[in-house]
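Hello,

Here is the model for your files. Please open it beside this email. My notes follow below.

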Amino acid sequence: MPTLVNTSDHPAADQADYWRHLINSAFGPFHLQPAGRGPFAARLVARALGPIEASDVRAPAHAVRRTARQIDHDTRECYKLGLVLRGSCVLRQNDRQVRVGPGDVVFYDLTRPVEIAFDAHHIFTVVIPHRAVPLSADRLAELGGTLLSERARTGRLVTSLLAALAEDGGEADEPYAHHLGGAVVELVTGAASEWLGAEPAPSPEAAEMLRAIVDWIETRLHDAGLTPAAIAAAHHISVRQLYRVFQPQGTTVARYIRARRLEHCRRELRDPFLATQRIGAIACRWGLPDAAAFSRAFRAAYGVTPSAYRAAATGIDRAD
């Protein structure tokens with residue numbers, strides 16, 4: 001079910017601060033500076049499509065900046081694409097600058113510093129976890145600040161699919177959401193490969209083992225005792241082999257497990273139908289029984305406390 005947030009539901013004097021809080025919750029810590037004073041009328045419609053998060057964003061002119069210090073305090077490892085539907089922006093990353101206009105798709109990496117100056121705009125964004133793309137995270141990060149839409153073949157396909165998703169407004173989310181998200185990942189992988197040139201792909205055996213391990217982990221995230229040693233033993237490989245299997249994903253096994261647990265908690269905290277459940281119970285259900293440690297990890301990952309995130313996402317503020 002899409003999640004709609006509109007700053008017009010708040011007093012004009014608070015709208016920019018509320019949008020700043022929302023952006024930090026949705027995409028990680030950012031500095032945000034409105035282009036002018038007065039009301040900041042903006043809206044965001046977010047939805048999950050399998051492995052990715054898609055958002056329809058409309059906002060007035062402003063600038064955002066994500067610094068190395070903010071990145072150090074954010075456990076999420078994601079790429080982001082933006083399809084400009086109206087307006088424009090100038091994005092800077094990796095010592096390159098690109099102007100993005102209507103019909104352009106820009107790619108950037110949220111684990112590297114980035115600056116974006118927006119005109120009043122309407123943009124469809126997609127956030128893809130590093131782990132979802134079977135290419136070296138270090139190499140793929142080199143693409144930060146490029147227009148995927150400049151490439152005639154796969155880049156054009158990425159643009160067409162994102163435009164179609166933006167137009168359908170979430171009508172095709174269920175029961176096809178997972179397939180739509182997978183299609184985005186596949187096309188982005190193809191476009192990135194075209195930009196980077198040939199890259200040795202993991203062997204079919206290694207790719208299949210990674211998929212099997214990831215699926216196995218996903219069904220056991222509730223187990224607080226889930227460790228690299230336990231995972232390796234269950235798949236009859238050494239811990240060193242397990243780390244090698246995960247190496248192309250650009251993350252460690254432990255960081256992957258933590259990120260997945262936090263992401264499940266985040267999704268449940270924004271669900272109004274779960275608003276009566278205690279935050280500690282949600283965290284415990286996903287293998288994070290230490291309430292203080294969970295709160296610190298959640299804040300490091302999403303820039304706000306779990307309770308503040310729930311209040312912003314659902315409008316329900318309750319003591320836990």
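Arg267 counts as partly exposed because its relative accessibility is 26%. The cut-offs, for a 1.4 Å probe and protein chains only, are these: buried is under 20% relative accessible area, exposed is over 50%, and partly exposed is in between. Note that this is a predicted model: local features need pLDDT of at least 70, side-chain atom pairs count only at pLDDT 80 or more, and totals for chains, interfaces and linings use all residues. Residues are numbered from 1 along each chain as its sequence is written, and side-chain values use heavy atoms, with hydrogens and water left out.

Arg267 has a partner, Glu263, in a salt bridge of 3.3 Å, N to O. A salt bridge here is a side-chain nitrogen of Lys or Arg within 4 Å of a carboxyl oxygen of Asp or Glu. Both residues sit in helix α9, four residues apart, which is about one turn of the helix. Helices are DSSP runs of H or I with at least four residues, strands are runs of E with at least two, and both are numbered from the N terminus. Glu263 counts as buried, at 12% relative accessibility. Shared partners build a network of salt bridges from Glu53, Glu263, Arg266, Arg267 and Arg270.

How many salt bridges does the structure hold? The count is eleven. One of them joins Arg266 to Glu53, with the closest N and O atoms 3.4 Å apart. Arg266 is in helix α9 (residues 253-269) and Glu53 is in strand β4 (residues 52-59), so this pair ties together parts that are 213 residues apart in sequence. Arg266 is buried at 5% relative accessibility. Glu53 is buried too, at 13%.

Glu218 and Arg260 form another salt bridge, at 2.8 Å from N to O. This pair also links distant parts of the chain: Glu218 lies in helix α6 (residues 204-218) and Arg260 in helix α9, 42 residues apart. Arg260 is buried, at 10% relative accessible area. Glu218 is partly exposed, at 24%.

**The sheet**

Seven strands make an open, antiparallel sheet, in the order β1-β3-β4-β11-β6-β9-β12. Two strands pair if DSSP finds at least two bridges between them. The edges are β1 (3-6) and β12 (146-147), and each pairs on one side only.

Start at β1. Four bridges join β1 to β3, and the two run antiparallel. Thr3 has Ala46 as its bridge partner in β3. Side chains alternate along β1.

Now β6 (residues 78-86) and β11 (residues 121-129). Eight bridges join this antiparallel pair. Val84 is bridged to Ile123 of β11. Helix α4 (residues 154-168) packs on the sheet and touches β3 (43-49), β6, β9 (105-109) and β11. Contact means heavy atoms within 4.5 Å. The direction of α4 makes about 70° with that of β6. Axes are lines fitted to C-alpha atoms, for helices over the stretch in contact, and angles run from 0 to 180 degrees between N-to-C directions.

**Helix α1**

Helix α1 covers residues 15-27. Its buried residues include Tyr18, Trp19, Leu22, Ile23 and Phe27. Gly28 follows the helix, with a positive phi near 100°.

Regards

Note on methods: Expected span 1.5 Å × (residues − 1).
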